[in-house]
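Take a look at the structure below. The paragraphs after it walk through its parts, one at a time.

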Amino acid sequence: MSRQEQAAASDPFWLDPGKRAIAYQVGVLCMVGLLAYYLVSNTLTNLEKQNIASGFGFMQKEASFEIGESLIPYSAADSYGRALLVGALNTLKVSFIGIILTTLLGTIIGIARLSSNWLVSRMAALYIEVMQDVPVLLQLFFWYAIFYETLPSPRQALNPFSGVFLTNRGVAMAVPAAHPCHKYMLAAFITACVLAYLLRRWARKRQEATGRYFPVVPVSVAAIIGLPLAVWFIFGAPLEMDVPRLQGFNFKGGITLSPEFIALLLGLVLYTAAFVAEVVRAGIQSVSKGQTEAAMAIGLKPGQVLNLVILPQALRVIIPPLTSQMLNLTKNSSLAVAIGFPDFVSVANTTINQTGQSIEGVALIMAVYLIFSLSTSAFMNWYNKKVKLVER
Amino acid sequence: MASAEVHDKIEDLKPPVIQVGVIGWIRSNLFNGWLNSLLTLVTLYILIKTVPPFIRWAFLDAAWNTSGQACRASQGACWSVVTKNLRFIIFGFYPYHLHWRPLLAMIMLFVLLFLSRERTNWKPWLFYSWLVGLAAMGLLMRGGLLGLEPVESSQWGGLPLTLLLSVFGLAAAYPLGVVLALGRRSRMPAIRYLCVVYIELIRGVPLISLLFMASIIFPLFLPEGLTINKILRAQVAIILFTAAYIAEVVRGGLQAMPKGQYEAAESLGLNYYQTMRLVILPQALKIVIPPTVSILISAFKDTSLVVIIALFDVLKTTQSVLSNPEWMGFSREAYIFLALLYFLGCFSMSNYSRKLEKELSAGEL
Amino acid sequence: MKLAKLLIVMVAVLALASVSMAGTLDDVRAKGYLRAGVNGSVFGFSMPDKKGVWKGLDVDTAKAVAAAVFGDANKVKFVPLTAVQRLPALQSGEIDVLCRNTTQTLTRETKNGLNFVHVNYYDGQGFLVPKKLGIKSAKELDGATVCVLPGTTTEMNAADYFRSHGMKWKPVVIENTAELNKAFFAGRCDCLTSDASQLAAQRSVAPNPKDYVLLPEIISKEPLAPVVRHGDDQWYDIVNWTVMALIEAEELGITSKNVDKMLKSKNPQIQRFLGVTPGMGKALGLDDKWAYNIIKQVGNYGEIFERNVGVNTPLGLERGLNALWTKGGLMYAAPFR
């Protein structure tokens with residue numbers, strides 16, 4: 001001990017690991033700082049010299065460009081800030097729907113890949129291999145081109161089912177005509193969801209306490225479907241539909257999904273589902289066969305085996321990679337700009353172009369995606385912690 | 001002895017015909033249970049409905065080498081859009097009479113990749129031939145020496161550009177990723193936090209925002225008059241992006257290393273670099289080969305994003321062919337051809353990773 | 001270790017980057033060529049032909065600048081740029097001049113730190129529609145789906161036009177001109193809106209040009225001019241007077257064919273212009289033969305116009321506003337003295 005101290009005292013400082021570490025860190029920090037200073041000062045001089053405006057003052061100015069589809073009311077007279085909000089909401093819309101569809105499709109394909117049916121499992125394997133190996137941007141272009149090159153113009157719309165029209169302007173669909181009962185149905189649906197959640201907690205508590213089993217799933221499903229239906233009947237079961245009609249250039253009425261939106265959604269979902277399928281497969285395979293056998297041996301029904309034994313364990317393996325796939329999907333939705341869907345990147349791009357303030361524009365893009373990513377991963381981390389194995 | 005005689009007399013009983021052979025296989029793999037039978041039938045029905053028309057469209061009725069007008073008249077696929085424009089799709093704006101140069105460069109690349117497949121070839125000579133090969137490829141593309149006509153990088157395009165972005169992107173991102181992963185595991189807080197911030201920041205944003213940054217903002221960061229080639233800027237963006245993902249994969253490998261390995265190395269008196277280089281990294285990098293390859297595959301696919309900043313990679317050249325009025329409307333065929341190209345690239349990479357994984361795990365036993 | 005690596009990288013980057021500190025003219029001279037930003041997918045203005053040779057009115061304008069600076073019209077490297085890239089590319093110095101059908105506006109000259117030189121094409125925004133829609137006027141476009149390039153003055157003009165006429169519309173915005181046209185010709189939109197000259201160009205390359213008509217309404221003024229950076233007056237002068245020289249030559253009747261003969265002309269204006277009487281070139285910091293080189297190698301404005309977009313080309317555009325002022329147009333060069 002004393003010898004070491006002696007050595008430390010007499011050694012020059014660069015032989016002392018502690019001091020060396022500090023020197024390294026100071027060096028690296030200085031370098032990073034210098035680099036940052038260099039870049040920032042260059043940028044400032046450039047901006048000043050060329051008289052380029054800076055700052056986010058443009059957000060309040062009138063955007064004076066139109067946006068094709070929007071979840072909130074928007075017109076060219078609104079501000080850039082609102083235009084960007086429209087873009088952000090469109091990104092959220094496509095990501096949200098995309099994530100749900102991807103999870104569904106990916107799970108189905110992942111299970112199909114494990115199917116004992118040779119044909120089904122081969123087809124799933126083929127799907128996974130092909131979709132994973134073709135760039136998603138190429139897939140987007142492909143679907144978009146298919147859409148406007150093969151489908152007819154609105155006047156010769158394809159009509160595969162009544163109320164659905166396929167044209168190169170998108171898919172027009174009939175929706176139930178607006179009726180006051182829809183509000184109440186929504187309320188009923190939310191109530192049913194809350195009830196189902198409470199029921200599940202109660203059933204689990206009772207099962208833990210008394211061992212008696214309560215069929216939560218069928219009851220919840222019945223409530224979630226039944227309650228809104230009941231409301232619907234109370235209002236006299238209004239059946240009127242808002243059917244799209246050809247009027248002027250395009251279909252009016254119903255809802256129309258634009259080719260850009262559909263191509264984007266299709267491309268993202270088909271591509272990401274292949275990765276999700278692999279995740280799901282790995283998750284299910286990670287639960288050893290003995291678990292199933294043991295669960296059956298203690299007399300659980302197949303549904304219960306899945307619900308109580310396999311899923312809780314498989315999910316633990318599935319969730320982290322699934323999260324990163326969802327984030328990938330969200331990030332890939334930025335490719336919308338290539339096929340003209342007005343997502344955030346697309347709107348920001350137009351803004352950059354009109355205001356000439358590229359630094360602010362790209363900074364906004366990065367900030368928005370960072371917020372999406374960080375909040376998704378925060379939520380997923382929370383969920384992951386919840387389903388984590390509590391070890392003794 | 002007696003039992004043996006008895007055995008001789010009884011003929012070997014063959015299993016029932018429905019349990020072995022083709023029929024048995026079909027029964028146990030396709031029709032075991034009503035659900036599977038139903039699935040099989042449905043799948044078969046879909047296949048019958050889709051595959052023959054597709055074959056008809058893609059092969060029997062297809063036009064292989066005709067003009068655009070002739071294509072419009074035919075019912076099948078118009079592969080002429082690819083065959084007639086192949087040289088433009090592959091080489092872009094590279095001067096027409098010099099196409100042999102990028103072609104030769106690509107052949108060299110493939111030969112080198114092929115040689116690198118076998119682990120027995122992983123020796124110094126391979127490393128040197130890569131160095132020489134890359135230099136030769138650069139010379140071939142750029143020209144200007146040995147009597148080769150110089151070709152500006154703004155004229156590079158098509159498949160050579162895609163390969164250039166991928167090969168250099170992967171080659172540079174890998175070491176950078178390893179350094180970042182080590183930084184993230186470092187005991188020095190300043191370095192650790194820098195690496196964490198970098199990795200999380202890059203992984204949180206889409207590649208396209210980095211490409212935008214490289215193409216429209218980065219020039220403003222530089223002092224006036226200093227400009228960097230557009231391709232190089234995109235290349236740097238791809239490298240920075242890929243490195244963050246590789247770093248995370250490598251970190252996984254580092255974390256999986258048992259503590260005993262570090263302790264053993266330290267007790268041998270190895271310093272940090274020796275520990276890492278001789279003990280930790282060789283093992284850690286080996287166990288993360290499969291995820292690394294999948295990162296490399298996605299980096300290869302992601303090079304297609306440079307289309308958005310108007311670099312003429314193979315996707316962009318295809319699109320400009322498709323905007324030619326003679327070939328308008330044949331996007332399907334052209335995109336299928338491209339998909340096939342990318343598929344071949346990615347599939348051979350993933351296949352190789354499987355092979356390597358098998359070899360490495362065999363060596364372990 | 002890390003430090004060494006970083007240093008190597010920095011050295012490599014610096015080696016690959018081209019450094020230049022002086023004014024644009026010196027910088028261009030040192031490089032030995034001019035870098036011009038162009039659109040790249042507008043037939044008649046700037047588009048590579050099948051062999052990758054650049055052709056078009058904007059391309060010729062850039063070539064004229066090269067002829068003025070180097071006496072060699074071929075010392076130009078063309079950089080195809082998207083709408084969003086064009087201004088940053090110029091601001092950052094990636095290109096020396098932007099000849100990419102860019103409209104002169106107040107914002108661009110002030111907030112974006114750019115200067116527009118003399119206009120090389122007067123344009124206005126119009127609408128292209130398929131004939132089979134049976135539309136005669138832009139006022140019938142209520143409810144139409146319109147293909148438009150995002151972030152351009154075109155997009156804002158269209159928004160203004162529909163708003164002021166109380167009409168609804170649905171924009172389809174794809175940043176890539178070629179992709180946008182493809183979508184329009186495939187029927188994704190009812191109507192394509194852009195500068196009238198560009199619409200003529202797009203129509204001329206359509207699968208069936210006769211199936212499309214230009215609507216009579218021209219809804220905006222679009223003075224298209226080459227652009228340079230703020231703050232380099234010498235370079236501004238060179239590009240500005242190059243465009244003027246093209247116009248002046250047409251007015252003086254000097255063409256690429258007769259320019260050698262014109263050298264012997266007794267007209268003092270022509271003598272000054274072609275550098276027989278020295279002084280004009282020096283004033284710009286160029287060779288006195290600069291205008292001669294431009295006309296000899298590229299031609300005058302009329303020649304350029306007729307060669308690329310005139311009535312005998314697939315675009316078939318009339319001179320219209322782009323005729324000389326003496327012939328009822330707006331092309332008017334300041335005096336060369």
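**Domains, core and contacts**

Chain B is assigned three domains: domain 1 (17-60), domain 2 (96-150) and domain 3 (159-311). Such bounds come from an automatic or database domain assignment. The C-alpha centres of domain 1 and domain 3 of chain B are 45 Å apart. This is a predicted model, in which local features need pLDDT of at least 70 and side-chain atom pairs count only at pLDDT 80 or more, while totals for chains, interfaces and linings use all residues. Residues are numbered from 1 along each chain as its sequence is written, and chains are lettered from A and ligands numbered from 1 in the order in which they are written.

Chain A has domain 1 (2-48) and domain 2 (80-177 + 240-387). Their centres, taken over C-alpha atoms, are separated by 46 Å. Chain C is assigned domain 1 (20-122 + 224-327) and domain 2 (125-220). Here 29 Å separate the C-alpha centres of the two domains of chain C. In chain C, 18 residues of domain 1 are in contact with 15 residues of domain 2. Contact means that the C-beta atoms of two residues, placed from the backbone, lie within 7 Å. The domain 1 side of this contact in chain C has 10 nonpolar residues, 8 polar and no charged. In this count Ala, Val, Leu, Ile, Met, Phe, Trp, Tyr, Cys and Pro are nonpolar, Asp, Glu, Lys and Arg are charged, and the others, Gly among them, are polar.

Now turn to chains A and B. Their contact takes 41 residues from chain B and 44 residues from chain A. On the side of chain B that touches chain A, the largest share, 9 residues, comes from H17(B). Helices (H or I, at least four residues) are DSSP runs, numbered from the N terminus. That side of chain B divides into 28 nonpolar, 10 polar and 3 charged residues.

What lies in the largest nonpolar core? It has 259 residues. A nonpolar core is a set of buried Ala, Val, Leu, Ile, Met, Phe, Trp, Tyr and Cys residues joined through C-beta atoms within 7 Å. Among those with the most contacts inside this core are A:Leu140, A:Ile339, B:Leu211 and C:Val97. Helix H8 (residues 259-286) of chain A gives the largest share of this core, 14 residues. Leaving aside neighbours within four places in sequence, A:Ile339 is in contact with residues including A:Leu140, A:Leu264 and C:Ile174.

Next comes helix H4 (residues 118-132) of chain A. Its 15 residues should span 21 Å at 1.5 Å a residue, and its end C-alpha atoms are 21 Å apart, which agrees. The expected span is 1.5 Å times one less than the number of residues. In H4(A), A:Val120, A:Ala124, A:Ile128 and A:Gln132 are buried. They cover an arc of only 85° around the axis, so they sit on the same side of H4(A). The arc is that of the directions from the helix axis to the C-beta atoms. Buried means that 20 or more other C-beta atoms lie within 10 Å of a residue's own, exposed means 12 or fewer, and partly exposed is in between, with C-beta atoms placed from the backbone. The buried residues of H4(A) pack against helix H3 (80-113) and H8 of chain A, together with H3 of chain B.

A:Ile109 is found in helix H3 of chain A. Why is A:Ile109 buried? Because 23 other C-beta atoms lie within 10 Å. Not counting residues up to four places away in sequence, A:Ile109 touches A:Ala124 and A:Ile128, among others.

Technical notes
Helices (H or I, at least four residues) and strands (E, at least two) are DSSP runs, numbered from the N terminus.
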